[in-house]
Every structure is written in structure tokens, then in C-alpha cells.
Amino acid sequence: MTTNKLSVTIERGSDAQEVFEVPAYDNQTVLDVVSWVQQNADPTLSYRFACRVGMCGSCAMMVNGVPRWTCRTHISKVLKGNAVTIGPLRNLPVIKDLAVDMDPFFDKWVGAEGVHHGALTRDDPIAPVDEDSAPRVEANAGIECINCSVCYAACDTVAGNADYLGPAALQRAWTLLNDAKDEGRLAILDAVSGAGGCHNCHSMGSCTLYCPNELDPMSAIAGLKRETARNFFKRGR
Amino acid sequence: MLSLRLYMLQRISALLMAPLVLGHLGVMIYAIQGGLSAAEILGRTQGSVLWFAFYGLFVVAVSVHGAIGLRTVIHEWGGLKGPVLEAVMWAIGLALFALGARAVWAVTFAAGLGA
């Protein structure tokens, strides 16, 4: 433990910033810093977290201008001198302080057909899944998404195009398209081919760069582009 | 904003343009050997169905490709959407086509230039 102080700037509202002095510790995450402010300096500070171990996807915030999962980001990794700026996630409406409304993010998840399309009943035998098949490998690459919206906040295409479904939702569509147990192929291809679909992606790669789970939504979206193009020649639309 | 149809149109026009650009650059390098004159160019292009088809197709591909690309830029950077955005895309496409087609016609089959 040290006696050093951190200078923590927290963005509250569109142009309001507040600077807090927070004691520095050897082991301290960005979320610890925010929690210290809420518990010791200003109990009215609103923010969101749950699991604190990188599983629930609720604590993402902008840290020095880039999206991060704050519970798994050590403060020493992001400090500039002894200062850090923390703000609400980009590309989502702010409810208050550091808490954003995640509804658009989850609505698009459903809009990209990110739901299970089953064809079997409980009476059917369980369909076998070949872990080594190429589609399963593709699906496995994307299923560890925790819906933290870091990729959505990082995406410049989302920033410029409010209808764009975004990296997380499209990656989920890609995993389902490659899932042997999902029967929604045409529904998924149609959902990702609309005005807000995968074809809006400019392959800038911020999603893949900032994903805290080191997933690769950009390649998943490229896969969707390939599949929809193939289907376009097959079906003529 | 970019649907599958526009996406495919833009990719297919890009595929068309790739060899056309190479052909265009190749001819430019070939044509300037030993100086460049209007007479030399017109001597090659006037009355030529091949050059009319080459640059005619080029103009069509550019009009389609450019209009769809600018539509995206105008939407994402300019915030235009809906029927206004569609109208701007068509206006850009038709303007590019008119400019290009006029030039292609002028160097191939237009009368009265006299090479």
C-alpha cells in the first residue's frame, strides 16, 4: 500500500466533469477506483457492476477515451501520470453518470436473430455436435461473448449509423449460423442483410482490438458477408 | 443503411473496375510514349466499338460504385437518410454517368470533331 493519490476525473452528464482524489493501492482495478469514489466521496455517483470477475459484462466504461471492462482492468495499466478519466460507454444513451441504457444493444442482439431457432422437441434425441467440424470451430470462436458492449462502444460505424446492428449482435448471428443445433439459417441471413446489417461494416477492427475476451467480431462479420453473398447468387436476392 | 443489394452492386462494380483500371493505366503509359496529342488519342478511339465498350462499361461501373460509396459517406458523416439520401445517391450516379457517357461518346462516335 502506498500513500499516493490518484486524480480521477469522472464524466457526469454531457459536459460535466468532476475530479476526485482517490488513494492508490498496489492492487486496484478501475472498478475499485469508481467504487471508492461512490463509497467514500460521493454516494450519489451512479455506475453498474455485478460479478467483478469479468463474467457478467455489466461494468464496461470509457477509460481514457477507450472502452474497457473496468473490473479486469488494473488501474496501473491506464494511468497517465497519476490521472485517469472515466466516462459512460460510448454509442449508448446515458441514464446517469456512468450507467448507460443497454436496451439498444440488446434490442439489436434480437434484431440480428440472436435467439435460438430450434426444430426439435423434448422427445427427440439430442442432436450430436461434432466438436472438430469446421462450422463448430467457427461457432466456438465467438461464443464466449459476455455482452459487455465494449465492441459496440468501440465501433465507429455504430457511431455514424444508428441503425447498424453492431459487432456483438452480428457475431452472435454468425455463431448461430454455424451451430448444428440452430435451424434459423434463412431468418439469420435475412436479418443480417437489412439496412442495419453486416454489409455496413467497414472492417475498421475496433471491435476485435478492444474485445476484453479477445474475440474477433470483425472476422465473424466478414463470414456473414461471405455467406450472404453466396446466398445472394444462389437465391437471387 | 447499406442493404445486401447495394453491397453486391458495389462489389460487382468493383470487380469490373479492377481490370478496367489496369487496362486504362496500361494504355496511358503506352499512349504517352513519344508525346501525347489529341489526334493520336482520337485516332485510336474514333469509330471504335471496342473502346466504346471498354470505357462505356467503365463509366457505368464508376457511376454505380461511386454513388453507393458516397451514399454511405453522406449518411455516416452527413446524417442524411430516407428518401433524401436515396435521391442524392441517384443524383450522384446519374451525374457521374452523364459526365462519363458524354466524354465516351465524344471520343468514339460523335460527329464533327475531325481528328
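**Entry 1: the model.** I noted before anything else that this is a predicted model.

**Entry 2: domains of chain A.** I looked up how chain A is divided. I found domain 1 at 5-100 and domain 2 at 103-235. I then checked how far apart they sit. The C-alpha centres of domain 1 of chain A and domain 2 of chain A are 29 Å apart. Next I listed who takes part in their contact. Domain 1 of chain A gives 15 residues, and domain 2 of chain A gives 15 residues. On the domain 1 side, strand 3 and strand 4 of chain A each supply at least two residues. Strand 4 of chain A gives the most to that side, with 4 residues. I wrote down 9 nonpolar, 3 polar and 3 charged residues.

Entry 3: Strand 3 of chain A covers residues 60-63, and strand 4 of chain A covers residues 66-69. They pair in the antiparallel sense, over 4 bridges. I asked which residue of strand 4 of chain A is the bridge partner of Met62(A). I found Pro67(A) there. The hairpin has 2 residues between the strands. I looked up Asn64(A) in this hairpin and found a positive phi near 50 degrees.

**Entry 4: a helix pair.** I moved on to helix 3 (residues 103-111) and helix 7 (residues 167-177) of chain A. Their axes come within 8 Å and cross at roughly 25 degrees. Angles under 35 degrees count as roughly parallel, so helix 3 of chain A is roughly parallel to helix 7 of chain A. I also looked up the hand of the crossing. Helix 3 of chain A passes helix 7 of chain A in a right-handed crossing. Which residues meet here, in helix 3 and helix 7 of chain A? From helix 3 of chain A I listed Lys108(A), Trp109(A) and Gly111(A). From helix 7 of chain A I listed Ala168(A), Ala169(A) and Arg172(A). By class, this helix contact has 3 nonpolar, 1 polar and 2 charged residues.

**Entry 5: chain A against chain B.** My last look-up was the contact of the two chains. Chain A puts in 12 residues, and chain B puts in 9 residues. I asked which element gives the largest share of the chain A side. Helix 10 of chain A (residues 217-235) does, with 3 residues. I counted 3 nonpolar, 8 polar and 1 charged.

Note on methods
Residues numbered from 1 in each chain as written. Chains lettered and ligands numbered in written order. Predicted model: local features only at pLDDT ≥ 70, side-chain atom pairs only at ≥ 80, totals over all residues. Contact = placed C-beta atoms within 7 Å. Nonpolar A, V, L, I, M, F, W, Y, C, P; charged D, E, K, R; others polar. Pairing = 2+ DSSP bridges. Domains from an automatic or database assignment. Axes fitted to C-alpha atoms, helices over the stretch in contact; angles between N-to-C directions. Parallel < 35°, antiparallel > 145°, perpendicular 65-115°, else oblique. Left-handed = near helix turned anticlockwise from the far one by under 90°.
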